[in-house]
Structure formats: structure tokens, C-alpha cells
Amino acid sequence: MKKIIFALIITLFAQEAQSASVKQDFIVHVGPFDAGRTEFEYDLGANKFSVLSKVSTNGLIDVIYPFTASYQSIGKILKSQKLQTQKYTSLSQSSSTRRSKEMYYNAAGLPTYRISAKNNKSKRVEIEQDTNNLGTTDLQTALGQIAYQYNNKGTCANRLEIFDGKKRFSIIFEDRGTEELVMHELSPNIKGSAHKCIAYIDKLDNDDDDLIWTISKDNPIHLWLQTDEKSKLAYIARIHMEDTPLGELNAYTTAITIKQ
């Protein structure tokens, strides 16, 4: 649960062309627990992008399973308006394990190699140059691509191919139109009309103990998007997932900082 729920939260909706950035803070509740804090900063310019996020457990969850992580994707925005990753990095720390991963891509956007480390023991792995992986990307960049699309076209409907260096899968976004959000005490400035999308992982042939494989069409992540009136940049208003191992998940926006 710890990695992918937050990873799916972290990179969702940034901004379009002309250098601008959106930073969001969230409180994440899972079941009865005030489970986590996230800090996200997105920066998209005319021809380049970056997505940086930090997550950490909170309260009782932090006592039982302390966890912190940071994720970053950087790359370029092509003339076709496709976001093409150049480098992806992740770093996480639990009570006993420190992990890191770096993935590098060639000029055509094909993943070439990854460097993984566990408790400071690192290993470089060359990635087979399978042309089927051309056009795939990391999860953060893919979600950033949906954000870029939403800012330009006002819809989140799409299917994107993800390759994490080992596994390949699809993430599907469905557009569900607009809904009214009721104000919540944790995010008093978030209410009113919002655009709803759902995201889920395509069915795979293999199982895994990571929660990402349980994010199905029957158990998707629900996202509500709103647009800042002044900058016209989109941000995540709220996130909900009905079923996780600890109960339903809700993420509430507590602060938004927009720079242009």
C-alpha cells in the first residue's frame, strides 16, 4: 500500500506551457487513521517538465510502519505535446530498509538502464532494448501527461503504457463529468463544482503483493479536479479510494501554491 497509493496521488495534475508550477499539500486518511502527509510540486515549461514529490506516514501508522519517500521525474515536452521522460528517481526509507532507483532513457524515450540499491548495495541493470517499450514511461510522467492533456482539452480520458524497468502495464483514465464537492473541515477552501475522473490498472496475467495490482475497474481511484481561476491551472481537489487493506482512502488538499 505504502508506495503506490501515494505514488498515484503524487504526480497527478500539473500545469501547461509557459513556465508555471503548482505545489500541493495533502492530508491522507486511510480507514480510521490519519495516515500520511504528502508534498507535491509540479513544474511544466514550454519544452521541459519536472515532477517532485515527498510522502511520509503519520500518527499511529508512522509508529507501526514508519515510511518516507521522494520521487522525481524530469524530461522534455515534445512538439506533439507528449511528455518524454529523461530520468526517473525514487528514494524510500522504512524502519529497516533504504531503497533507491534511477531509470535512464535515451533520446528517443526508450528506457536503457536502471540503477537500484537496497541499504547502499547498488546494482546496475541494462534494460533489453525492446521496441515495444518505446513510448512507455514511468507512472509519474504518465500522470503528468494526463494533467497536461486535461489543461489543454478539459478531459482526462486516456490509456497510457507504463514500464517500471521490470513490469509493463496500462493505466486507464475515464472521464466522469462534473460533480459538486461538499466542503470538508480538512480542506475548507475546496468545494463546489469539480471534474471527476477515475483511474485504474488494466488486468494483468500475474499477481503481486503491491496494492497497485488491486486498483481495478471495480476498485479505482476517484479524482476530483478544479481549476484556479486566476492562473487557469488545474489541481487535485480531492482523492478517494473505496477499498484498501486498511479501509477507504481519502486525501484532502490543505494548501495550494501556484507560481507563474
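**Side-chain pairs in context**

Reply: Happy to. Of the contacts in the protein (heavy atoms within 4.5 Å) between residues at least 6 apart in sequence, 51% join residues at least 24 apart. This is a predicted model, in which local features need pLDDT of at least 70 and side-chain atom pairs count only at pLDDT 80 or more, while totals for chains, interfaces and linings use all residues. Residues are numbered from 1 along each chain as its sequence is written, and side-chain values use heavy atoms, leaving out hydrogens and water.

Of the 260 residues, 48% are buried, where buried means under 20% relative accessible area, exposed over 50%, and partly exposed in between, with a 1.4 Å probe and protein chains only.

Now to the charged pairs. A salt bridge here puts a side-chain nitrogen of Lys or Arg within 4 Å of a carboxyl oxygen of Asp or Glu, and the whole structure holds 9 of them. One joins the side chains of E39 and K23, at 3.9 Å from N to O. Since E39 sits in strand 2 (residues 33–44) and K23 in strand 1 (residues 20–30), this pair ties together parts that are 16 residues apart in sequence. E39 is partly exposed at 34% relative accessible area, and K23 is partly exposed at 28%.

Another salt bridge links D202 and R159, with 2.3 Å from N to O. D202 belongs to the loop between strand 11 and strand 12 (221–227) and R159 to strand 9 (residues 158–163), so parts that are 43 residues apart in sequence are tied together. Their relative accessible areas are 26% for D202 and 45% for R159; D202 is partly exposed, and so is R159. These two residues also belong to a network of salt bridges that links R159, E161, R168 and D202.

E126 and R124 make a further salt bridge, at 2.7 Å from N to O. Here E126 counts as exposed at 52%, whereas R124 is partly exposed at 49%.

Next, the rings. Rings of Phe, Tyr and Trp (its six-membered ring) pair if their centres lie within 6.5 Å; planes under 30 degrees apart are stacked, over 60 edge-to-face, and the rest tilted. By this rule there are 4 aromatic pairs. F40 and Y42 have ring centres 6.4 Å apart and planes at 50 degrees, so they count as tilted. Both F40 and Y42 are buried. Y65 and F67 are instead a stacked pair, with 6.2 Å between centres and 25 degrees between planes. In this pair Y65 is partly exposed at 31% relative accessible area, while F67 is buried at 3%. Ring pairs also link F26, F40 and Y42 into a cluster.

Strand 4 (68–77) and strand 5 (83–93) have Q81 in the loop between them. The two strands run antiparallel and are joined by 10 bridges, two strands being paired if DSSP finds at least two bridges between them. Within this pairing Q72 stands opposite T89 of strand 5. The two strands form a hairpin with 5 residues between them, and Q81 in that turn has a positive phi of about 70 degrees. Q81 is partly exposed, at 34% relative accessible area. Strand 5 also pairs in the antiparallel sense with strand 6 (residues 98–105), over 7 bridges, and S90 has K101 in strand 6 as its bridge partner. This second hairpin has 4 residues between its strands.

N120 lies in the loop between strand 7 (111–118) and strand 8 (121–126), and counts as exposed at 69%. In contrast, S187, in the loop between strand 10 (168–181) and strand 11 (192–201), is buried at 1%. Not counting residues up to four places away in sequence, S187 touches R238, Y252 and T253.
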